[in-house]
Amino acid sequence: MRAIGMAERALELMCKRACDRVAFGKPLARQGVVQANIARSRMEIEQARLLTLHTARAIDLYGNKAARREIAMIKVVAPSMACDVVDRAIQVHGGLGVSDDTILAGLWATLRTLRIADGPDEVHTAVVARSELKPYVMSRL
């Protein structure tokens, strides 16, 4: 998904900025909070990437209708994750991150719009919840 690519680009910019920017006498990359944000971003990107591959496999093997739950999950997870990664990158960039001098503000706006264009997260979350509850509801009837 394109959201994963945008998150990768934001993480790349975050890492470069963290290494280049010095604050309080040392590079931002040596700050524990910045390191944690970089690590968290990488982990979340990989989680979304694996869910994307799992969803694609389910579509290939079983078709769109059978993979409805997986499709709903990735429509929530990927753009939400990418927004979070871009937000962290903006934080590392400071005021520069929200200016037109980087692509970060534009990435964030695009990703936030994607969360609406693909349908509200709440709709996709409800699809996942119904899928999870179905075996339990059926067993009580």
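## Helices α2 and α3

In α2, the residues Val-34, Asn-37, Arg-40, Ser-41, Glu-44, Ile-45, Ala-48, Leu-51, Thr-52, His-54, Thr-55 and Ile-59 meet Glu-70, Ile-71, Met-73, Ile-74, Val-77, Ala-78, Met-81, Asp-84, Val-85, Arg-88 and Val-92 in α3. Contact means heavy atoms within 4.5 Å, and helices are DSSP runs (H or I, at least four residues) numbered from the N terminus, as are strands (E, at least two). By class, the contact of α2 with α3 has 13 nonpolar, five polar and five charged residues. Here Ala, Val, Leu, Ile, Met, Phe, Trp, Tyr, Cys and Pro count as nonpolar, Asp, Glu, Lys and Arg as charged, and the others, Gly among them, as polar.

The model is predicted: local features need pLDDT of at least 70 and side-chain atom pairs count only at pLDDT 80 or more, while totals for chains, interfaces and linings use all residues. Residues are numbered from 1 along each chain as its sequence is written, and side-chain values use heavy atoms, with hydrogens and water left out.

Two packed helices are described by the angle between their axes and the distance between the axes. For α2 and α3 the angle is about 160° and the axes are 9 Å apart, which makes α2 roughly antiparallel to α3. Axes are lines fitted to C-alpha atoms, for helices over the stretch in contact, and angles run from 0 to 180 degrees between N-to-C directions. Angles under 35 degrees count as roughly parallel, over 145 as roughly antiparallel, 65 to 115 as roughly perpendicular and the rest as oblique. The crossing of α2 and α3 is left-handed, a term used if the near helix is turned anticlockwise from the far one by less than a right angle, with right-handed used if clockwise.

## Helices α1 and α3

The packing angle of α1 and α3 is about 20°, with the axes 9 Å apart. The two helices α1 and α3 are therefore roughly parallel to each other, and their crossing is left-handed. From α1 the contact involves Ala-3, Ile-4, Ala-7, Ala-10, Leu-11, Leu-13, Met-14, Arg-17 and Ala-18, and from α3 it involves residues including Ala-78, Met-81, Val-85, Val-92 and His-93. This contact of α1 with α3 divides into 16 nonpolar residues, one polar and two charged.

Arg-17, in helix α1, is partly exposed at a relative accessible area of 22%. Buried means under 20% relative accessible area, exposed over 50% and partly exposed in between (1.4 Å probe, protein chains only). Not counting residues up to four places away in sequence, Arg-17 touches Val-92, His-93 and Leu-96.

## Helices α3 and α4

α3 and α4 pack at an angle of about 160°, and 9 Å separates their axes. They are therefore roughly antiparallel to each other, with a left-handed crossing. Among the residues that make the contact are Val-86, Ala-89 and Ile-90 of α3 and Leu-104, Leu-107, Trp-108 and Leu-111 of α4. By class, the residues of the contact of α3 with α4 are eleven nonpolar, two polar and three charged.

## The nonpolar core

A nonpolar core is a set of buried Ala, Val, Leu, Ile, Met, Phe, Trp, Tyr and Cys residues joined through side-chain atoms within 4.5 Å. The largest one has 29 residues, of which Ala-10, Ile-45, Met-81, Val-85, Leu-104 and Leu-111 touch the most other members. At least two residues of this core come from each of α1 (2-20), α2 (32-62), α3 (68-93) and α4 (104-117). The largest share, ten residues, is from α3.

Ala-10 is in contact with Val-85, Val-86, Ala-89, Leu-104 and Leu-107, leaving aside its neighbours within four places in sequence.

## Loop residues

Phe-24 is in the loop between β1 (22-23) and β2 (26-27) and counts as exposed at 83% relative accessibility. Most residues other than glycine have a negative phi. Phi of Phe-24 is near 55°, a positive value in a residue other than glycine.

Gln-31 lies in the loop between β2 and α2 and counts as partly exposed at 23% relative accessibility. Leaving aside neighbours within four places in sequence, Gln-31 is in contact with Ala-23 and Lys-26.

## Helix α5

Asp-121 is found in helix α5 (residues 121-139) and counts as buried, at 12% relative accessibility. Apart from neighbours within four places in sequence, Asp-121 is in contact with Lys-75, Val-76 and Arg-115.
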